[in-house]
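The sequence and the model are shown first.

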Amino acid sequence: MIRRLLVVLAVVLSTTPAFAVNPDEVLADPGLEARARAISAELRCMVCQNQSIDDSNAELAKDLRLLVRERLTDGDTDEQVINYIVSRYGEFVLLKPRFETKTILLWGAPLLLVVAGGLSLIVFARKRAGRPTGSKLTAEEQARLSELLDE
């Protein structure tokens, strides 16, 4: 019983994410380190593209992690650090894009697609409801039907 519990525990713990932050990057102040980790989780690795810089082992991600920590130790706020990184690498560096006028289509596209799909289904259903579902009976079929109904 204990052996099974240990195996299950080992499997569960082995699936936790392995962060790429090296021990030499970690700040001495736990508060600053927590802020650095939170910011790093929001920034995209430009090499890996769908990984945060906190999870990536790429050299560029390491440089960005160090830059984030450097800016935090210099006294920048979280927003200032993010704005600095965005000014150098563009909006693409953000894993979750900001809600602005230039990104409104990005945020609204899923809603627009759902509405367009719903409207097209309604139009298709209405067109189909007005059409007859089968073809007219031939004279021979009509005569046979009348014969069967008269019996």
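Helices here are DSSP runs of H or I with at least four residues, strands are runs of E with at least two, and both are numbered from the N terminus. On that basis, the elements of the chain run α-α-α-α-α-α from the N terminus on. The count is six helices and zero strands. The model is a predicted one.

**Overall figures**

The chain has 151 residues, of which buried residues make up 22%. Among contacts in the chain with a separation of 6 or more, 48% are accounted for by residues 24 or more positions apart.

**Helix α3**

Helix α3 covers residues 59-73 and has 15 residues. From first C-alpha to last, α3 reaches 21 Å, close to the 21 Å expected at 1.5 Å a residue. Its buried residues are A61, L64, R65, L67, V68, R69 and L72. These buried residues of α3 pack against α2 and α4. Just after α3, G75 takes a positive phi of about 105°.

**Helices α2 and α4**

The two helices that α3 packs against also meet each other. The axes of α2 (residues 30-42) and α4 (residues 78-89) come within 11 Å and cross at roughly 35°. The crossing of α2 past α4 is right-handed. On the α2 side the contact is made by R35, I39 and E42, and on the α4 side by D78, V81 and I82. By residue type, the contact of α2 with α4 divides into three nonpolar, no polar and three charged residues.

Two of the residues in this contact, R35 and D78, also form a salt bridge, at 2.7 Å from N to O. The pair links distant parts of the chain, with R35 in helix α2 and D78 in helix α4, 43 residues apart. R35 has a relative accessible area of 28% and so counts as partly exposed. D78, at 30%, is likewise partly exposed.

**Salt bridges**

A search of the whole structure finds six salt bridges.

| Pair | Distance, N to O |
|---|---|
| R35 and D78 | 2.7 Å |
| R71 and D76 | 2.7 Å |
| E147 and R144 | 3.1 Å |

D76 has a relative accessibility of 15%, and because buried means under 20%, D76 counts as buried.

E147 and R144 both lie in helix α6 (residues 139-150), three residues apart, about one turn of the helix. An α-helix has 3.6 residues a turn, so residues three or four places apart point the same way. E147 is partly exposed, with a relative accessible area of 45%. R144 is also partly exposed, at 45% relative accessibility.

Which residues are linked in a network of salt bridges? The network consists of E33, R37, D54 and R69. R69 is also one of the buried residues of α3.

**Summary**

Helix α3 packs its buried residues against α2 and α4. Helices α2 and α4 cross at roughly 35°, and the salt bridge of R35 with D78 links the two helices.

Definitions and conventions:
Residues are numbered from 1 along each chain as its sequence is written. This is a predicted model: local features need pLDDT of at least 70, side-chain atom pairs count only at pLDDT 80 or more; totals for chains, interfaces and linings use all residues. Side-chain values use heavy atoms; hydrogens and water are left out. Axes are lines fitted to C-alpha atoms, for helices over the stretch in contact, and angles run from 0 to 180 degrees between N-to-C directions. A crossing is left-handed if the near helix is turned anticlockwise from the far one by less than a right angle, and right-handed if clockwise. Contact means heavy atoms within 4.5 Å. Ala, Val, Leu, Ile, Met, Phe, Trp, Tyr, Cys and Pro count as nonpolar, Asp, Glu, Lys and Arg as charged, and the others, Gly among them, as polar. The expected span of a helix is 1.5 Å times one less than its number of residues. Buried means under 20% relative accessible area, exposed over 50%, partly exposed in between (1.4 Å probe, protein chains only). A salt bridge is a side-chain nitrogen of Lys or Arg within 4 Å of a carboxyl oxygen of Asp or Glu.
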